[in-house]
Amino acid sequence: MKPSAFEYFTASTVAEAISLLERYEDEAKIIAGGQSLVPMMNFRVAQPEVLIDINGIKELDYIRQEDDEIVIGALTRERDLELSPLVQEKCPILAEAISLIGHASIRTRGTIGGSLVHADPAAEIPLTIYGLDAKMKVVGPSGERTLEPEEFFLSYLTTSLEPLEILVEVRIPVLPQKTGWSFVELTRRRGDFYIVAVASILFMEKGGVCKEARICLGGVGPTSIRAEEAEEILAGQVITDELIEKAGQKAAEAADPESDYHASAEYRRDMTRVFVQRGLAEARNRAKGG
Amino acid sequence: MAERRRITVKVNGVEYGREVDPKRLLVDFLRDDLELIGTHVGCEHGFCGACTVLLNGRSIRSCLMFAVQADGAEIMTVEGLAEDGKLHPLQEAFQEHHALQCGFCTPGMLIVTYELLKDNPDPTEEEVRLAVAGVLCRCTGYKQIIDAVIAAAPKMRGG
């Protein structure tokens, strides 16, 4: 199918984009990479009257390090993040997760900001961000505010962005060296949205002890979640196979998936256990430098 | 009625100026306005990869972009591969290795593998598989396509 007609505006600054939003409010939709929006428009699931194209806002396209944070403009392409030596070195789990989004041709256009505001519960960036103490900076007519993932994501395809607000930046603390990490996902085919995915991060201290663990689950509810009770099993411990086994079981209890066309709730919950266990084993090996 | 916009794009080295509706998809612009019908339009939601073209040197799905957004861009379509009526080494390899049957996915396959070999002149079989995973082929089972790309690599390196 083809999209329905719309009026098209380009913004070259954030202020311009916000003033266009103020002018058209509910009729308007912002387009960044368009890799989710355009399919929805082609199927007429989305029929915005007005499209505000922010691809010309060059000030939102950057990856840099400021002190101990990686700072990423919302319009930064997924492909640029995946290939960025800075991201690969300082936040490798993000580079890995992004490399699993769709296919290279999708990542050429897709942006980090677009993926976050689209808030698909089976998308890689919104999941990974839960384990990274990430902060999302949003700007609206009355100023800016900063949101953590738990505040930013509300439900399926729903964020706490106000109608006149735009996501402009993501700040992610650099992962310390020797941090163990893993991003594993269950998909039917390469590039598909996942059925279940797990992002694991193990912050280590001397003597091979895990100081703090992060286990983020995707595909098991309306937003990604942290499996906090499973994380507690690992905190302060030398991670053994037995602890990994227990953490997987605990994480599966935290998952509250629904059945759908792709997989039953039971299958998703059991795969959560399996993928948490696989992910933790991989993260532990990375922490050892293996 | 949305206002038409004047855009200028360079496709396969040739500059075109046209007026377009904002809702005109880039793939339809290429096929219907510029009559470059080598690029195929399949699923129209970014799944099949038949519409893949290079935009400023990187592959994109031309069904997931509006023509108006390509204003000022340089595009390469499958028609840009052959020179002076002579097939590109990658196309020759596709022909030799029977890497196409119905040909529907071929423009997408050629563009993503051309991009691959441009960025990575000596890819492993696994890297070739990954590159073509984003383009659906219902005929070949991919084997011949992968063989063709691996055979083309040394020729494209000038070996």
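**View 1. The contact between chain A and chain B.** In this predicted model, 35 residues of chain A are in contact with 27 residues of chain B, contact meaning heavy atoms within 4.5 Å. The area buried between chain A and chain B is about 2,500 Å², and carbon and sulfur atoms give 58% of it; buried area is the accessible area (1.4 Å probe) that two parts lose on being put together, summed over both. Of the area that chain A buries against chain B, 23% is supplied by Tyr8(A), Ser105(A) and Arg109(A), more than by any other three residues. This is a predicted model in which local features need pLDDT of at least 70 and side-chain atom pairs count only at pLDDT 80 or more, while totals for chains, interfaces and linings use all residues, and side-chain values use heavy atoms, with hydrogens and water left out. Residues are numbered from 1 along each chain as its sequence is written, and chains are lettered from A and ligands numbered from 1 in the order in which they are written.

View 2. Three salt bridges are found across the interface of chain A and chain B, a salt bridge being a side-chain nitrogen of Lys or Arg within 4 Å of a carboxyl oxygen of Asp or Glu. Lys2(A) forms a salt bridge with Asp28(B), with the closest N and O atoms 2.8 Å apart. On the side of chain A that touches chain B, at least two residues each come from β1 (7-10), α2 (37-42), β3 (50-53), α3 (78-83) and α6 (104-109), where helices (H or I, at least four residues) and strands (E, at least two) are DSSP runs, numbered from the N terminus. The largest share of this side, five residues, comes from α6(A).

View 3. The side chains of Arg107(A) and Glu82(A) meet in a salt bridge at 2.7 Å, N to O. Because Arg107(A) lies in helix α6 and Glu82(A) in helix α3 of chain A, the pair ties together parts that are 25 residues apart in sequence. Arg107(A) is buried, with a relative accessible area of 7%, and Glu82(A) is buried as well, at 11%; buried means under 20% relative accessible area, exposed over 50%, and partly exposed in between (1.4 Å probe, protein chains only).

View 4. Lys250(A) forms a salt bridge with Glu229(A), the closest N and O atoms lying 3.6 Å apart. This pair links distant parts of the chain, with Lys250(A) in helix α11 (residues 241-254) and Glu229(A) in helix α10 (residues 228-234), 21 residues apart. Lys250(A) has 28% relative accessibility and therefore counts as partly exposed.

View 5. Asp147(B) forms a salt bridge with Lys143(B), in which the closest N and O atoms are 3.0 Å apart. Both residues lie in helix α5 (residues 143-156) of chain B, four residues apart, about one turn of the helix. Asp147(B) is partly exposed at a relative accessible area of 28%, and Lys143(B) is partly exposed at 48%.

**View 6. The surroundings of Ala287(A).** Ala287(A) is found in helix α12 (residues 265-287) of chain A, and with 11% relative accessibility it counts as buried. Not counting residues up to four places away in sequence, Ala287(A) touches Lys178(A), Thr179(A), Gly180(A) and Met204(A). The C-alpha atoms of Ala287(A) and Gln177(A) are separated by 8.6 Å, although these residues are 110 residues apart along the chain.
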